[in-house]
Amino acid sequence: MRRERVADDIYIFTSELYAQVTAGLVVTPQGAVLIDTMVFPEEARMINRFVQERLNTTVRFIINTHYHADHTYGNCFFDNAIIVGHEICYRLLNEIGRASLAEAKQSSSVFEEVEIRLPNIVFNTGSLELRLAGKTLELEHLPGHSPDSITVYVREDRVLFAGDLLMPIPFFVDGSFEDFRQSLMRIKGRGYENVIQGHGDVILRGEIEDKIDEDLSYLSQIESYASRALSERKPYDFLETIDVEKVGKSRILLNGGVEGLHQQNLRNLYDYLASAEK
Ligand SMILES: [Zn+2]
């Protein structure tokens, strides 16, 4: 796991075991706030040791940006932390999250000790503010990657934890293409200092608007390919010819994992458009 510091009181952890997923830590004199908790117990425990032994504090709050395993399985390794998330996150983690953890336990002993821990505090309006010893964290519901996705903005440092609204390639198969586009538009032009993606590298001030524009352009391009596929005799075969480089993304991103995500996006969007046509 890689650790870096992006501001005096803000650390980022990046997994070397699973898809460069990130977790963030905001440290205050009244304890730390952890944003997402990794998928493997080993990495969650490493974060906890760092907080306790190196920073001499504890994780007082956890914020889950959404219910997916790679952002929530580590919740159970932080005793006494209060977990905050969207109300939909609570529901999906309770239903889908529990079921998929049971399945994961069947196939690997790595998850033996993992238990689902649900948010203790939920919100169902557009936003929630968490204030702790001089830090203001603004939680905002910005769905698209999943119905429950939120972002976390640390106002004093102008740092945004984007969750999976930003990752090397947009991925909306468990969410909604249209929501994704709307949510990206919402975070444009806000003057962030740093943006932490749910997966991949930290985005610096000068690169943020370009990254958002690139993702919006990606969405428009796959939209036009998916609608062109409607008039193809073999639409899935046609979509397979549209590789990720045709729509302006490098195929080495996420250690080569982007092509698979991209193909799922194309099919998902095509299926949606095809069903809407009927
Ligand atoms: Zn993720």
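Q: In this predicted model, what counts as a helix or a strand?
A: Helices are DSSP runs of H or I with at least four residues. Strands are DSSP runs of E with at least two residues, and these elements are numbered from the N terminus.

Q: Where is Asp 36 found?
A: Strand 4 covers 31–35 and helix 1 covers 41–54.

Q: Is Asp 36 buried or exposed?
A: A residue is buried when its relative accessible area is under 20%. The relative accessibility of Asp 36 is 2%, so Asp 36 counts as buried.

Q: Which loop holds Ala 133, and what is its relative accessible area?
A: Ala 133 lies in the loop between strand 8 (127–132) and strand 9 (135–141). Its phi is also positive, near 40°, although it is a residue other than glycine. Ala 133 is partly exposed, with a relative accessible area of 32%.

Q: How many helices and strands does the protein chain have, and what is its radius of gyration?
A: The secondary structure comes to seven helices and 13 strands. For 278 residues the globule rule gives 19 Å, and the chain is as compact as a globular protein of that length because its radius of gyration is close to that value, at 19 Å.

Q: What share of the residues in the protein chain is buried?
A: The protein chain has 278 residues. Buried residues make up 54%.

Definitions and conventions
Residues numbered from 1 in each chain as written. Predicted model: local features only at pLDDT ≥ 70, side-chain atom pairs only at ≥ 80, totals over all residues. Heavy atoms only, no water. Rg over C-alpha atoms; globule rule 2.2 N^0.38 Å. Buried < 20%, exposed > 50% of the residue type's maximum accessible area, 1.4 Å probe, protein only.
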